[in-house]
Protein chains: 2
Amino acid sequence: MKDDLEYEPLTPETLPGRLKNLESVTSLIGNKSEEWKVTEVGDGNLNLVFVVEGKQASLIVKQALPYVRLVGDSWPLPLSRSFFEHETLCRQAIRDPGSVPQIYYFNKKQAIIVMEMLSPHVILRKKLIAGEYVNGLGKTLGNFCARTAFRGSDLSLATNDKKKDTALFQGNVELMAITENLIFTEPYFEAEMNHHTDGLEPVVKTLRSDVSLKQEVQHMLVKFTSNTETLLHGDLHSGSVMCTDNETKIIDPEFGFYGPMGFDIGMLISNFLMAYFSQPGHRTENTLEKYQNWILSIIEEIYSTFISEFSNLWRNERHGILFPKSLFESQGHSSEGALNGVLDHIWSDALGVCGIEMHRRILSLAHNADFEEISDLKTRAELEARNLMMGRQLILERNQIKDIQAIQTLARKYNSEKHL
Amino acid sequence: MKDDLEYEPLTPETLPGRLKNLESVTSLIGNKSEEWKVTEVGDGNLNLVFVVEGKQASLIVKQALPYVRLVGDSWPLPLSRSFFEHETLCRQAIRDPGSVPQIYYFNKKQAIIVMEMLSPHVILRKKLIAGEYVNGLGKTLGNFCARTAFRGSDLSLATNDKKKDTALFQGNVELMAITENLIFTEPYFEAEMNHHTDGLEPVVKTLRSDVSLKQEVQHMLVKFTSNTETLLHGDLHSGSVMCTDNETKIIDPEFGFYGPMGFDIGMLISNFLMAYFSQPGHRTENTLEKYQNWILSIIEEIYSTFISEFSNLWRNERHGILFPKSLFESQGHSSEGALNGVLDHIWSDALGVCGIEMHRRILSLAHNADFEEISDLKTRAELEARNLMMGRQLILERNQIKDIQAIQTLARKYNSEKHL
């Protein structure tokens with residue numbers, strides 16, 4: 001593929017011709033492109049994704065489309081998101097080695113990333129719906145959130161590099177606008193593209209008429225749009241995680257941006273809570289409780305790992321301009337109180353984002369398979385109602401809820417109640 | 001002056017030759033450059049400033065030096081600050097018309113801004129030391145802070161424009177680094193360039209051994225360095241304000257950056273409080289109380305004007321992505337509660353910045369004439385001690401102190417106490 005070729009969406013037919021001259025590709029899957037098997041597998045909302053299988057190996061070709069795939073070409077979306085995804089992947093690979101797929105090739109103009117085929121990995125959301133277990137899941141995710149949050153922030157980076165990078169990622173404006181609209185604003189009024197399950201109306205009405213709730217969500221939007229604390233994944237739900245029984249990888253950071261340190265982990269926990277609440281739609285009594293308990297244990301593992309790794313980095317890699325050692329350790333003063341203050345701030349933001357994500361996945365444009373695949377609408381609505389009402393409490397009480405154990409307790413409480 | 005001439009620091013001798021061919025200059029002060037009277041008047045910490053007087057009119061030529069004037073060429077500082085000053089001045093002129101000097105000419109390469117000569121305006125700090133009154137001072141400053149804060153934020157700007165501008169101003173990194181170091185960090189340990197008045201040691205020790213205080217200041221630094229809420233002046237002290245008896249103008253925004261909405265107004269109030277505490281060093285009993293009361297009335301006027309104008313803009317110009325009318329007014333829901341939440345957030349940040357500025361001007365590199373001109377060191381130290389201790393309370397209690405009246409009460413209390 002020539003680097004200066006114009007953008008053109010790939011098809012299984014055109015792909016081999018465009019990739020066959022890339023050394024980084026042929027060295028992996030062979031140069032007989034006529035023998036490659038190409039399958040389009042994209043099931044996300046935005047992009048084309050191809051699996052390209054050669055004789056000995058396979059790889060993934062991801063290409064941005066100039067519009068939102070979920071909606072169609074009536075909603076244009078710039079190809080530059082592919083650039084930001086690639087930039088974010090490169091930084092994540094440095095900040096948490098092994099956490100993301102390896103990159104073989106990137107072409108900005110054609111919005112193409114060629115990367116490692118994760119196999120036999122499966123999208124985590126599918127595993128959570130199927131009731132499958134993953135060893136080390138919480139640990140990998142907690143470490144990923146801690147390492148990317150810390151190492152992308154002013155706690156670690158040189159201030160010149162941080163500001164330069166912050167400026168760069170302000171260019172991912174259209175993707176940030178999706179988050180600003182679909183996550184923070186549209187769930188809370190009857191926006192055009194919204195939809196929700198029949199029967200959910202009483203709870204929807206409760207939320208949309210709750211002025212305090214809307215205020216608090218908008219205060220969180222202030223943070224999303226103007227707290228450039230660290231480089232985030234920006235879309236870290238269970239569809240952006242791929243797992244085997246024993247390995248976990250994080251994919252798809254095209255929403256990468258500088259935002260609040262609590263954003264990724266808040267969104268991640270939220271998607272586990274949605275998996276938790278949706279379980280009665282997927283399991284029978286005899287496996288339900290055990291699997292729900294496992295999900296809650298993963299949430300705990302994510303957060304305790306996050307705290308532990310973030311604290312470890314605070315003590316050993318704090319070389320940025322924030323909370324400098326010259327002010328604390330060098331004066332014989334502990335910085336542990338300051339660390340706790342930072343962790344409290346992250347926690348409160350995470351809870352806010354968590355609650356908001358729990359709302360938008362039920363009320364806004366892009367829903368989760370966790371609930372969508374429950375065909376009994378009455379059951380689905382009831383489970384969604386529990387999820388929505390817990391989300392509300394998280395947003396409103398994000399400065400009071402103390403720890404992850406309190407979240408587990410709350411989840412069990414809402415899981416046992418009827419809200420419709 | 002040719003636009004492509006290389007940078008060279010101007011002198012009173014070279015200036016006429018370099019400016020004489022500029023139509024924007026000669027149309028104002030005449031084209032007989034040999035008749036111009038050029039005087040270097042810069043008394044700030046960073047730049048060259050010339051008054052150029054022609055037959056009918058005068059103007060100001062401000063030129064950045066490639067180093068910090070206060071320190072010398074051992075501390076290099078990029079000429080680009082002139083670019084950021086000009087960019088900020090242009091935005092301020094639009095957002096609060098009439099508040100800043102008119103610009104006649106700008107040359108990026110030569111780091112020169114030619115602007116309106118404010119006459120008979122005097123630097124506000126000098127007036128405050130001399131005990132002079134200015135009509136409408138609080139109103140002009142309060143409006144300036146409200147209009148620039150609101151109109152430079154996501155409450156007003158289109159999100160594309162806001163993000164593009166945020167990215168641009170991340171380039172003012174060296175000036176931000178000065179603030180990050182000199183204001184937020186160096187006051188709180190024995191940094192190399194620090195100095196303070198003899199006799200102040202007990203209070204300095206109290207502050208520097210207060211771990212909670214240092215933590216809170218660093219939490220404020222997190223906000224400074226990563227809350228890009230609005231385009232700020234960035235250095236809004238009483239040396240950046242020029243007044244006649246009835247008119248007030250704001251100058252020198254070379255520290256312009258996107259930061260917390262409470263930053264400018266917090267620094268401004270701080271400088272009035274320092275003027276207040278320093279008064280016993282400048283006045284005799286018979287005029288002291290009246291003038292100190294006037295200063296406190298100005299603080300009140302600044303903040304009440306800020307609230308009133310910010311609220312006015314909130315109700316009439318809220319066209320950005322934050323707290324959109326679609327969520328509130330269009331649903332028959334009031335947004336006044338949300339407004340109060342935003343004002344509380346600004347207030348708390350302002351108090352934090354206020355207290356920190358009260359510290360750094362006594363403990364760090366750049367001091368204020370308000371205190372420096374008090375030649376009796378014992379008096380100076382005692383007045384500075386009051387100022388330092390009140391600053392500490394503002395930082396630690398910034399989330400509890402309710403309103404500007406509470407600040408006035410606190411100031412009177414500290415003003416009546418001995419702290420050494």
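This is a predicted model: local features need pLDDT of at least 70, side-chain atom pairs count only at pLDDT 80 or more; totals for chains, interfaces and linings use all residues.
**View 1. A:L365 sits in a loop of chain A.**
Start at the loop that links α12 (336-363) with α13 (369-372) in chain A, where you will find A:L365. A:L365 counts as buried because 22 C-beta neighbours lie inside 10 Å, and 20 or more are enough for that label. Leaving aside residues up to four places away in sequence, A:L365 touches A:L182, A:M193 and A:N194. If you also pick out A:K418, 53 residues apart from A:L365 along the chain, the two C-alpha atoms are separated by 25 Å.

**View 2. Helices α12(A) and α14(A) cross.**
Here the axes of α12(A) and α14 (residues 377-396) of chain A come within 8 Å and cross at roughly 150 degrees. The pair is therefore roughly antiparallel, and α12(A) passes α14(A) in a left-handed crossing. On the α12(A) side, look for residues including A:L351, A:G352, A:H359 and A:I362; their partners in α14(A) include A:E384, A:N387, A:R392 and A:I395.

**View 3. Chain B meets chain A.**
In this view, 39 residues of chain B are in contact with 39 residues of chain A. On the chain B side, the elements giving two or more residues are α6 (159-169), α7 (173-183), α9 (211-226) and α12 (336-363). Of these, α9(B) gives the most, with nine residues. The chain B residues that touch chain A comprise 14 nonpolar, 19 polar and six charged.

Terms used: Residues are numbered from 1 along each chain as its sequence is written. Chains are lettered from A and ligands numbered from 1 in the order in which they are written. Helices (H or I, at least four residues) and strands (E, at least two) are DSSP runs, numbered from the N terminus. A residue is buried if 20 or more other C-beta atoms lie within 10 Å of its own, exposed if 12 or fewer, and partly exposed in between; C-beta atoms are placed from the backbone. Two residues are in contact if their C-beta atoms, placed from the backbone, lie within 7 Å. Ala, Val, Leu, Ile, Met, Phe, Trp, Tyr, Cys and Pro count as nonpolar, Asp, Glu, Lys and Arg as charged, and the others, Gly among them, as polar. Axes are lines fitted to C-alpha atoms, for helices over the stretch in contact, and angles run from 0 to 180 degrees between N-to-C directions. Angles under 35 degrees count as roughly parallel, over 145 as roughly antiparallel, 65 to 115 as roughly perpendicular and the rest as oblique. A crossing is left-handed if the near helix is turned anticlockwise from the far one by less than a right angle, and right-handed if clockwise.
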